[in-house]
Amino acid sequence: MKLLVTGGAGFIGSAVVRLAVARGHEVVNLDALTYAACLANVASVAESPLYTFEQADIRDRAALERIFAAHAPDAVMHLAAESHVDRSIDGPGDFIDTNITGTYNMLEAARAHWQRQGRPAEFRFHHISTDEVFGSLPADPAVKFTETTPYDPRSPYSASKAASDHLVRAWHETYGLPVVLTNCSNNYGPYHFPEKLIPVIILNALAGKPLPIYGDGSNIRDWLYVEDHADALLLVVEKGAVGRSYNIGGENERTNLELVRTLCAILDTKRPKAAGSYADQITFVTDRPGHDARYAIDPGRIRTELGWRPSVTVEEGLERTVQWYLDHETWWRPLLDRQGVGQRLGVKA
Ligand SMILES: NC(=O)c1ccc[n+]([C@@H]2O[C@H](COP(=O)([O-])OP(=O)(O)OC[C@H]3O[C@@H](n4cnc5c(N)ncnc54)[C@H](O)[C@@H]3O)[C@@H](O)[C@H]2O)c1
């Protein structure tokens, strides 16, 4: 299959690109290379004859038309987005432009391409979205997000992703574009940009800096290992039913405080401090405005209809992730100088 992957120089997109090439798919990676991008994430496939890179902005409709005409993809996996909630609080405009207008541009360019090709039934427009569109869950472990949970986004980021989900469904209902959607929980793993919680904790711990926990650390997330997620996404683009959405979760709910303590324990074993534990560096800081209390995915649909389950527990995935950061300082060190990284963002409200 020839896949057009947007955002393939980012965290999840690059995992999709690496896995798709490894499985023999042709991949065109379309990415604007914003502050969050890193071409080193796809260096392992850059020389493959199956791989092509196109630097383009999804806000630039003419560039998208050219890329669709030049490559004639069989399917689109649309991941390009502004993805950091804290940045969406300080500057929502980029999230509206890229996540909503950019998705609209992608849909229109894909629709024109699909029509030129004679509306092939096998074409897919796969929109990669987030469980944050469903809002916040109560503490009751029996209550989880399903594909029919009403949308209730709370942050500029999640509202922009909810809007883009609605556009994708509308292009299916109105124009017949063969779409599939996925809404996943929090990802973690190798190549995670060092402004997100898990890499911040690992890198601050190693640097002897405070480990910031927003609020009291009781917020619960359902952690999904990024390589498991990439595997699920390729399954959905190949086997998912047209017009259907699938929730993808890691079946690994943890409070932020539990997660950070686990990371500290792994670091205590792998890179012991001269005295004490990394957990001594934990510091509670002002909470994020509108911080959702709990996210948890009911993965019943993707499990029963497509036979997919995550392959690792959060403890196994965190162990691999910590080891990856210990082994890849040359990857993360230069990223610490990028704009906003290492600063507390998103406290204005
Ligand atoms: N990280 C998570 O835990 C998570 C969870 C649920 C859903 N998602 C969704 O998955 C997708 C990928 O997330 P990620 O964490 O890999 O994000 P990321 O920030 O690591 O990567 C985003 C990529 O998109 C590119 N991009 C941004 N704006 C662009 C534009 N205007 N034109 C072209 N390229 C542009 C960036 O250069 C970057 O390479 C996003 O759509 C996000 O909403 C992420």
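Buried means under 20% relative accessible area, exposed means over 50%, and partly exposed lies in between, using a 1.4 Å probe and protein chains only. This is a predicted model: local features need pLDDT of at least 70, side-chain atom pairs count only at pLDDT 80 or more, and totals for chains, interfaces and linings use all residues. Residues are numbered from 1 along each chain as its sequence is written, and side-chain values use heavy atoms, with hydrogens and water left out.

Stop 1: Select residues 4-321. UniProt lists them, in an unreviewed entry, as "domain: NAD(P)-binding". UniProt positions are in the numbering used here, feature names are shortened, and annotations may be inferred rather than shown by experiment. Over residues 4-321 the chain is 41% helix and 17% strand. The end C-alpha atoms are 28 Å apart. Helices (H or I, at least four residues) and strands (E, at least two) are DSSP runs, numbered from the N terminus.

**Stop 2: helix α2.** Select residues 61-71. The buried residues here are A63, L64, I67, F68 and H71. Seen down the axis of α2, they fall within an arc of 130°, so they line one face of the helix. That arc is taken from the directions from the helix axis to the C-beta atoms. An α-helix has 3.6 residues a turn, so residues three or four places apart point the same way. Now show A62, A69 and A70: these exposed residues sit on the face of α2 turned away from its buried side. Contact means heavy atoms within 4.5 Å. Step past the helix to A72, where phi is positive, near 45°.

**Stop 3: α4 and α5.** Axes are lines fitted to C-alpha atoms, for helices over the stretch in contact, and angles run from 0 to 180 degrees between N-to-C directions. Angles under 35 degrees count as roughly parallel, over 145 as roughly antiparallel, 65 to 115 as roughly perpendicular, and the rest as oblique. For side chains, show F95, Y104 and W114, among the α4 residues that meet α5. On the α5 side, include Y157, L167 and W171.

**Stop 4: helix α6 and A205.** Select residues 197-207, the helix that holds A205. α6 is mostly covered, with 8 of its 11 residues buried. Its cover includes β7 (187-188), β8 (211-214), α8 (256-270), α10 (314-327) and α11 (329-332). Pick A205, which is buried at 2% relative accessibility. Which residues does A205 touch, not counting those up to four places away in sequence? They are L211, L267, Y278 and Q281. A205 and Q281 are 76 residues apart along the chain, yet their C-alpha atoms are separated by 7.2 Å. After α6 comes G208, with a positive phi near 75°.

**Stop 5: α8 and α10.** Their axes are 10 Å apart, at an angle of about 55°. That makes α8 oblique to α10. L259, I266 and L267 are among the α8 residues in this packing. α10 brings residues including V314, L318 and L326.

**Stop 6: two loop residues.** Most residues other than glycine have a negative phi. Go to Y191, in the loop between β7 and α6. Its phi is positive, about 70°. Y191 is buried, with a relative accessible area of 16%. Finish at E251, between β11 (245-248) and β12 (253-255). E251 has a positive phi of about 55°. At 34% relative accessibility, E251 counts as partly exposed.
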